[in-house]
Amino acid sequence: MTDLSFTTLRREDPASDARRAEIHANPGFGVHFTDHMVSATWTKDGGWHDGRVVPYGPIQLMPSAAVLHYAQEIFEGMKAYRHEDGSVWTFRPEANAARMARSARRLALPELSEADFIGSLKALLAVDEAWVPPADGSEASLYLRPFMYASESFLGVRPANEVTYSVIASPAGPYFAGGLKPVKLWISQDYARAGAGGTGAAKCGGNYASSLAGQLEGIENGCDQAVFLDSGTHELIEELGGMNLFFLTKDGELVTPELSGSILEGITRSSILELAKDLDLTPVERKVPIQEWKDGVASGDIVEIFACGTAAVITPVGELRWEGGSAPAVGGPEGGEVTRAIRSRLLDIQYGRAEDSRGWLTRLA
Ligand SMILES: Cc1ncc(COP(=O)(O)O)c(C=O)c1O
């Protein structure tokens, strides 16, 4: 069902081809944005309306806008990939649309239909297609960030009567420019990211704000990122601040923490669980105690560990540290063989180099 159509107001001063090429040569992550953005409004009385593609720029918001006080906000993260023939595709956008609808329900925001969600991406790509990096085999992409927030000017704790939906896009370079490098992880023993009955399974800004103290503690202890545990027992592995975790056992089981209600259901995670069977691995979703990680690397039961998410696809995990101890890396200096095989398989599908037998790709431009 579609509620929205998008009118387009092109900017008069778009980036020149030379400037775009300069950005594509060194895009970083999340620092440069395309010429345009999507915006649409929802009101309690009028539903979704006023879909537009407009020049990228500052948004007008009253200081009393509810989102600035009560954090009624959700977002998504996905990528547009250019294939060899010049066409532009995205990966499982129906899953992102469904997750955004689930997040909306949890944050008492209005749902956007799958058709409008995908329509908004196509509308943006119709004008900013040139911002999708060229297909040069380098894993570059255009990161897409749909988000929705309570834009109503009102101080009071209730669901907003006016909400804004927007999509911005940012060229992204290969995450591992110099080859895969395992990340060192820190166990966040005291700071949980989310709790039972909370918003951990939703993709809302507040979860990321609550992860920062744990991340900071990890960095202060020489690590790259923090592993968050369940808030009840502090014994079960949940996930990282922005990625899910997988463990490969010596018996060929590919184990990931089960969805506890406070873990984000990653689309990369669910894709890997499906791909595991193609690689003769047994996918397992269950509770994973942090002690099992410590013991498993010592005994040789755990042979590879990796994290996964849209931004970095798959990141090998190295050493684990905690207050007063550490567990060594497994899998080698560039990640284990299976970690690299799953990574290549996903990338090959996303970039159109392997058959998309599950119908995971949608053409955007
Ligand atoms: C907290 C968290 N967990 C997991 C993921 C991985 O999700 P996906 O694979 O859909 O990018 C993300 C990134 O979106 C995240 O922010």
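**Cores and overall build**

Me: Which residues have the most contacts inside the largest nonpolar core?
Reply: Trp48, Ile74, Phe117, Leu142, Leu144, Met148 and Tyr165, in a core of 48 residues. A nonpolar core is a set of buried Ala, Val, Leu, Ile, Met, Phe, Trp, Tyr and Cys residues joined through side-chain atoms within 4.5 Å. Buried means under 20% relative accessible area, with a 1.4 Å probe and protein chains only.

Me: Which helix gives the most to this core?
Reply: Helix 4, residues 114–128, with seven residues. Helices are DSSP runs of H or I, at least four residues, numbered from the N terminus; strands are E runs of at least two.

Me: Is there a second core, or what else?
Reply: A separate core of 24 residues includes Ile187, Met243, Ile302 and Ala327.

Me: Where does this model come from?
Reply: It is predicted: local features need pLDDT of at least 70, side-chain atom pairs count only at pLDDT 80 or more, and totals for chains, interfaces and linings use all residues. Residues are numbered from 1 along each chain as its sequence is written, and side-chain values use heavy atoms, leaving out hydrogens and water.

Me: Back to Trp48. What is it in contact with?
Reply: Leaving aside neighbours within four places in sequence, its partners include Asp3, Leu4, Trp42, Pro110, Met148 and Tyr165. Contact means heavy atoms within 4.5 Å.

Me: How many helices and strands in the protein?
Reply: Eight helices and 18 strands.

Me: How much of the protein counts as buried?
Reply: 50% of the 365 residues.

Me: And what box do the C-alpha atoms fill?
Reply: Roughly 60 × 50 × 35 Å, along the principal axes.
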